[in-house]
Amino acid sequence: MRTADWHVHLHRLAGGTEGREVPDLPPDATLLAGARGEQVLWRHLAGDASADPEPVLLRAANGPILAPDAFLAIEVWAECELAAIHAGHRICRLRGPAASDPLRARLANALRWHLEHTQPDNSTNRPWAIHAFLLADDGSGEASLYAETLLGNMMATHARDEALSRWILADAARELRLAT
């Protein structure tokens with residue numbers, strides 16, 4: 001499926017948000033408070049000047065954005081990690097295109113790491129960062145299949161009915177539209 005087709009498909013699955021304004025921030029107050037990495041990134045997107053995204057996104061040169069050992073369960077870490085990638089992708093878009101942007105390079109590295117090390121079928125039922133995986137597809141189909149699995153997990157569970165998952169899809173659709 002082409003990126004433009006994904007945009008329409010995700011909007012439809014989000015509840016027909018096509019043509020309607022999608023809120024910029026997720027409908028989950030816990031993402032906009034606290035000091036965990038994904039919370040800092042979402043607080044930055046909410047306009048919190050004290051929430052600097054660079055220490056979070058550039059914490060390590062390789063691997064995931066968030067340290068897995070900072071969480072009690074891998075499923076919680078995976079959800080927070082993908083929420084961080086989702087926010088990081090938007091931060092990079094808002095900064096504008098710059099081939100030498102270290103944040104873009106770091107996100108690309110994290111996406112590659114997840115394709116190799118994280119199974120999307122047991123990490124989360126929310127489709128965080130689905131757009132980032134779709135846009136990262138190199139033609140092999142691996143990143144697109146990862147994104148499809150994230151979507152399939154949501155659709156096969158109660159997550160398909162929750163406001164946060166619907167917002168994630170609508171936001172991902174907007175990010176896809178803005179990227180093409």
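Q: Is Arg174 buried or exposed?
A: Arg174 is buried, with a relative accessible area of 10%. Buried here means under 20% relative accessible area, exposed means over 50%, and partly exposed lies in between, using a 1.4 Å probe and protein chains only. This is a predicted model, where local features need pLDDT of at least 70 and side-chain atom pairs count only at pLDDT 80 or more, while totals for chains, interfaces and linings use all residues. Residues are numbered from 1 along each chain as its sequence is written, and side-chain values use heavy atoms, with hydrogens and water left out.

Q: Thanks. Which polar contacts does the side chain of Arg174 make?
A: One is with the side chain of Asp24, at 3.3 Å. Another joins the side chains of Arg174 and Asp171, at 2.4 Å. A polar contact is a pair of N or O atoms within 3.5 Å; within protein, one must be able to donate a hydrogen and the other to accept it, and residues adjacent in sequence count only if both atoms are side-chain atoms.

Q: And where is Arg174 found?
A: In helix α8. Helices (H or I, at least four residues) and strands (E, at least two) are DSSP runs, numbered from the N terminus.

Q: How many residues of α8 are buried?
A: 12 of its 17 residues are buried, so α8 is largely enclosed by the rest of the structure. Among them are Asp171, Arg174 and Glu175, along with Trp167 and Leu169.

Q: What does α8 reach from its first C-alpha to its last?
A: It reaches 24 Å, close to the 24 Å expected at 1.5 Å a residue. The expected span is 1.5 Å times one less than the number of residues.

Q: Switching topic: how many aromatic pairs does the structure hold?
A: It holds 5 aromatic pairs. Rings of Phe, Tyr and Trp (its six-membered ring) pair if their centres lie within 6.5 Å; planes under 30 degrees apart count as stacked, over 60 as edge-to-face and the rest as tilted. The rings of Trp42 and Trp128 have centres 5.9 Å apart and planes at 50 degrees, so that pair is tilted.

Q: Where do Trp42 and Trp128 lie?
A: Trp42 lies in helix α2 (residues 37-45) and Trp128 in the loop between α5 and α6, so the pair ties together parts that are 86 residues apart in sequence. Trp42 is buried at 0% relative accessibility, and Trp128 is buried at 1%. Trp42, Trp128 and Trp167 form one aromatic cluster.

Q: Which helices supply at least two residues of the lining?
A: They are α4 (74-95), α5 (102-117), α6 (130-136) and α8 (163-179). The largest share, 4 residues, comes from α5.

Q: How does the lining divide into nonpolar, polar and charged?
A: There are 9 nonpolar, 1 polar and 2 charged residues. The lining includes His89, Arg93, Arg104 and Leu178.

Q: Tell me about Leu178, then: how far apart are Leu178 and Arg93 in space?
A: They are 8.7 Å apart, C-alpha to C-alpha, and 85 residues apart in sequence. Leu178 is in helix α8 and counts as partly exposed, at 40% relative accessibility.

Conventions: On a 1 Å grid over the protein atoms alone, a cavity is a set of points where a 1.4 Å probe fits but cannot get out, and a pocket is an open set with protein on both sides within 12 Å along at least five of seven lines; lining residues have an atom within 4 Å of a point. Ala, Val, Leu, Ile, Met, Phe, Trp, Tyr, Cys and Pro count as nonpolar, Asp, Glu, Lys and Arg as charged, and the others, Gly among them, as polar.
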